[in-house]
Amino acid sequence: MKFSKLALSSMLLIALVFFLVACNSDSSDQDNNDESDTSNANGEQSSEGSEEEPVTIVYARGVDTTPGTEAVIEAFEEKFPHIKVEQREMPADTGQSHDQYVTLLSSQSSEIDVFNADVIWPAEFAQANYVLELDRFIEKDGINMDEYFPGTVAAANFNGKQWAMPQYTDAGVFYYRTDIVDEPPATWDELIEMATELKGENGTTHGYLMQAAQYEGLITNAIEFIASYGGEVVDENNNVVVDSPETIKALDKMKEIVTSDFVPKNIVNFMEIETENAWIEGNAVFARNWPYMMASSNDEERSEIVDNVEMSRLPAGDEGTAASLGGWMTMINRYSEHPEAAWEFVKFISGPEGQKISALKGGRAPTLNALYDDSEVQGVSELFANPEFREVLQSAVPRPVSPIYPEVSDIMQIEISKVLTGDQSSEEAAKNMQEKIEAAMAE
């Protein structure tokens, strides 16, 4: 009887041990399953299984009237047959596209995976937690960001992290009449001297044209002056630093030009279209605009100055020459269900192969310096073959990288316009911009 009780106790003890082991095993399996769940919102892990698992990503972009985008996607899908790219066309109006992206991303929608972004959007979208930071991808694949033009990288860097990859670029350039001058002015002071002296030559009525109306184009012009004198609006640590001797000197020089006798009397109403029209009519010796104006300058149906135009870097201030950066970036939706596949597409479209296709088929200016040595790329456009254009892109600077850039721009437009119309001094403008931008950032 005693033996039976002992045996029974032993059996119960063994059963209890097996039960506890089994429970612990189930708990461990559950923990492992929890750890293996994807975390797309943080971009830490991919929802895809093996790399070859078929997946479809959605690429949103603005209107493209060229075959460039289709050609890039076709080449990508050929290289990555397990990844299909569907396109979603966004409005041609950049503001409308911006608002639609904000609506979609703020709802944490995964409808799109990759999208094109204006160079002034990355900080805003990063601050709002709409997009994936790309540093871990860049590091993993050994992408050398030094191969891109510095300004295109800086425009997408916020709080020390890279939020977008440069896709194609644009920058402010300086045009001059080769039938009037052999060499363009090297500095803003030389521009003032030459524009004053040469106004009236070969039927011209003005020495210089620029964009001085109160709109976004005014900021691109102002940034070029400010940067050329060594000033900044917002530094890399997101500190407002616009109230400086450099900014004040730059605004003084800008006002000197805008209020001179060699610009149109209504220059404060000039945007790009007014500049282009006056330029191709042969009314000016020098002009500042974007690269597209070279094509209209040599359009035989519209232009009076065909074959008499060259472009160069903008004149220099105390710290050298600077051009305002334009162009587009590529970003990944933080809530994409396929972040790894999305990165493969971003890496391709912003890499040498994708950018070359975009240049050849879409006429887009690459952000990779080395592509301007490629003979096929040089054959696309006179600009791409022009070493001066490469120097322009090398010196391009982004507009203030800030999550509230639209507010920053509005503040700057108002304050700088008051300087140009004589309603306040450069010192007052710099002080007001400093205080108002700081206040806007603190909200």
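**The largest pocket**

In this predicted model, begin with the largest pocket, which has 25 lining residues; those nearest its centre are Asp-170, Trp-290, Tyr-292, Gly-326 and Gly-327. Next, colour the secondary-structure elements that give two or more residues to this lining: β6, α8 (216-228), β11 and α15. The volume of the largest pocket is about 650 Å³. Colouring the lining by residue class gives 12 nonpolar, 7 polar and 6 charged residues.

**Ser-324 in strand β11**

Now select Ser-324, which belongs to strand β11, spanning residues 323-332. Is Ser-324 buried or exposed? Its relative accessibility is 0%, and Ser-324 is therefore classed as buried. Display the side chain of Ser-324 together with the backbone of Thr-220: the side chain comes to 2.5 Å from the backbone oxygen of Thr-220.

Then show the residues in contact with Ser-324, setting aside those within four places in sequence. Among them are Asp-170, Ala-171 and Gly-172, as well as Ile-219, Thr-220, Ile-223 and Glu-224. Arg-288, Trp-290 and Val-397 are also in contact with Ser-324. Two of these contacts, Asp-170 and Trp-290, have already been selected as residues nearest the centre of the largest pocket.

**Helix α16**

Move on to helix α16, residues 387-394, and select its buried residues Phe-389, Val-392 and Leu-393. These residues lie on the same side of α16, because the arc they cover around the axis is only 95°. An α-helix has 3.6 residues a turn, so residues three or four places apart point the same way.

Against which elements do the buried residues of α16 pack? Select β6 (165-171), β7 (173-177), β10 (309-312), β11, α15 (382-385) and β12 (396-397) to display these partners. The strand β11 in this group is the one that holds Ser-324.

The largest cavity holds about 70 Å³ of space. It is lined by 13 residues, and Val-119, Ile-120, Arg-399, Pro-400 and Val-401 are the closest to its centre. By class, the lining of the largest cavity comprises 11 nonpolar residues, 1 polar and 1 charged.

Conventions:
Residues numbered from 1 in each chain as written. Predicted model: local features only at pLDDT ≥ 70, side-chain atom pairs only at ≥ 80, totals over all residues. Heavy atoms only, no water. Helix = DSSP H or I, 4+ residues; strand = E, 2+ residues; numbered from the N terminus. Buried < 20%, exposed > 50% of the residue type's maximum accessible area, 1.4 Å probe, protein only. Polar contact = N/O pair within 3.5 Å; in protein donor to acceptor, adjacent residues only side chain to side chain. Contact = heavy atoms within 4.5 Å. Arc of directions from axis to C-beta. 1 Å grid on protein atoms, 1.4 Å probe; cavity = no way out; pocket = protein on both sides within 12 Å on 5 of 7 lines; lining within 4 Å. Points joined across faces, edges and corners; volume = space filled by probe spheres on them. Nonpolar A, V, L, I, M, F, W, Y, C, P; charged D, E, K, R; others polar.
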